Amino acid sequence: MAYQFDFLSVLDYTDVLLKGIAVTAQLTLTGGVLGVAVAIFGAWARTQGPAWLRAIVGAYVEMIRNTPFLIQLFFIFFGLPSLGVQLPEMVAASLAMVINLGAYSTEIIRAGLAATPRGQFEAGASLAMSPLQVFRHVVLRPALQKIWPALSSQIVIVMLGSAVCSQIAAQDLTYAANFIQGRNFRAFEVYLVSTVIYLLLALLLRQLLRGVGRQLFARRAR
Amino acid sequence: MTPTPSTPLFSKARRALLLGLFASVCVAALPRPAQADTLADITKAGVLRVAVPQDFPPFGSIGADMAPQGLDIDVAALMAKRMGVKLQLVPVSSTNRVPYLQTRKVDLIISSLGKNPEREKVLDFSEAYAPFYNGVFGPADMPVKSAADLAGKTVGVTRGAVEDLELSKIAPANATIKRYEDNNATISAFLSGQVQLIATGNVVAAALIAKHAPKAPETKFLIKNSPCFIGMNKDEPALQAKVNAILAEAKKDGALNSLSIKWLLRPLPAQL
């Protein structure tokens, strides 16, 4: 007996899927914005910060980049309550994503800073700018422009990685797919639909980031 | 690749493509076997593949020697021995055990499986082989006596399990049900305080009490009395008859009863 496909049974749970998409989008937005903010600070700390800060940020980056995201998530959600820190799942998931994106993006942005010619720093200093002002007004934007494609890719990777947050019952798209599959046992239809939705979300996110890049880096070097 | 003077109508590439298409159509049109006979397949291969739990003591868990152990594993061994074939255990979770059976990665599910109408649409069940009830458990100082008292509280449950399906029906709208992928995550959520109550089987709660967990769960109310059944694919009359015959024999000669005493610490109830 051939398997009888039944995509309509997935449509019965459209509201669950829509809620899942909304939660995935929310996690990505929070994780993306705060993660990049953490990364900019981290990249600055590793290149121009004092030695003790450089060591701390270095340890943070190495620890996060060399451990699985799932373990980081479980530690925050199931482990921290033993130390008295009880976080609801959306907060825990967002925090894990920020920490994770922050570590990987720190290295990406640091690469952009390293590719900035020394002359830029000296030019800024010669205009009586403090190192922080040089960083903020002269060096950061060209550095971001150089690594924008790599940073966009990392943000999309973290968006797809948000699927893992379903493990702590954050009601994202993967949670919705698992929920529907557990009810109607239509694994093929459910996971095909959610794969297509993730694909569309990823393409949309890339377009969005490309647009952001165009807005931020509109000034071309002459 | 339209035909042009330099590329003939039946060029090599186009011939290969057409041959490939024709072959796939032939394969797709092959008559399928009218009815799968899993029992014959099991006897021929000499192996019985059984889906067993790995995260649900005393039905199935991983022992200190990293080997699976539990009531369901012993029942699977009994089945294989009385069918005269070797046993292959396939560890599964509550959420993937039915897909594993549907895609024929396993022949039987012996995984504290409860019977309900949705499952009866896609599976067939044997006679019951072990007692089991689902309930809501929580700390002694939480006043919950029925489903209605769950209003405004958080309950952890394993997704796809019977307690998930039943609780979703009877819980009030403002009770928060958090679904985790397997029993370990659900228990971790309860013990770490991420959920206030837990809906699970009586044996899990008993195990938590026996291990003197910091938050001893006390029974709040019963969700469902749901004995365990063996699951198999639909339209397998030979397999179902054989499984039921072996279970009836094991009940009569006391083999099933001794397994119940070994793992559930009580004899098999009379009505099973």
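How many residues from chain A and from chain B does the contact take?

## The contact between the chains

This is a predicted model, so please read what follows as a description of that model. The contact draws on 13 residues from chain A and 16 residues from chain B. On the side of chain A that touches chain B, α4 (69–79) and α8 each supply at least two residues. Of the elements on that side, α8(A) gives the most, with three residues.

What kinds of residue make up the side of chain A that touches chain B: nonpolar, polar or charged? Eight are nonpolar and five are polar, with no charged residues.

## An open sheet in chain B

Chain B holds an open sheet of five strands. Their order is β10-β9-β11-β8-β12, and the pairing is mixed. At the edges sit β10 (176–180) and β12 (218–225) of chain B, each of which pairs on one side only. Direction ignored, neighbouring strands of this sheet are turned by 25° against each other on average.

Let's look inside the sheet. Strand β9 (residues 154–158) of chain B runs parallel to strand β11 (residues 197–201) of chain B, and two bridges join them. Here G156(B) stands opposite I198(B) in β11(B). Helix α8 (residues 202–210) of chain B packs on the sheet, where it touches β8 (133–138), β11 and β12 of chain B. The direction of this helix makes about 115° with that of β11(B).

## Backbone details to look at

Some backbone geometry deserves a look, because most residues other than glycine have a negative phi, and most peptide bonds are trans. In chain B, a cis peptide bond joins P57(B) and P58(B), with omega about 0°. P58(B) belongs to the loop between β2 (55–56) and β3 (60–62) of chain B.

A169(A) is not a glycine, yet its phi is about 65°. You will find A169(A) in the loop between α7 (131–161) and α8 (173–184) of chain A. Is A169(A) buried or exposed? A169(A) is buried, because 26 other C-beta atoms lie within 10 Å, and the cut-off for buried is 20 or more.

In chain B, S112(B) is a residue other than glycine with a positive phi, near 45°. S112(B) lies in strand β6 (residues 108–113) of chain B. Why does S112(B) count as buried? S112(B) counts as buried because it has 29 C-beta neighbours inside 10 Å.

Key:
Residues numbered from 1 in each chain as written. Chains lettered and ligands numbered in written order. Predicted model: local features only at pLDDT ≥ 70, side-chain atom pairs only at ≥ 80, totals over all residues. Helix = DSSP H or I, 4+ residues; strand = E, 2+ residues; numbered from the N terminus. Buried ≥ 20, exposed ≤ 12 C-beta atoms within 10 Å, placed from the backbone. Contact = placed C-beta atoms within 7 Å. Nonpolar A, V, L, I, M, F, W, Y, C, P; charged D, E, K, R; others polar. Pairing = 2+ DSSP bridges. Axes fitted to C-alpha atoms, helices over the stretch in contact; angles between N-to-C directions.
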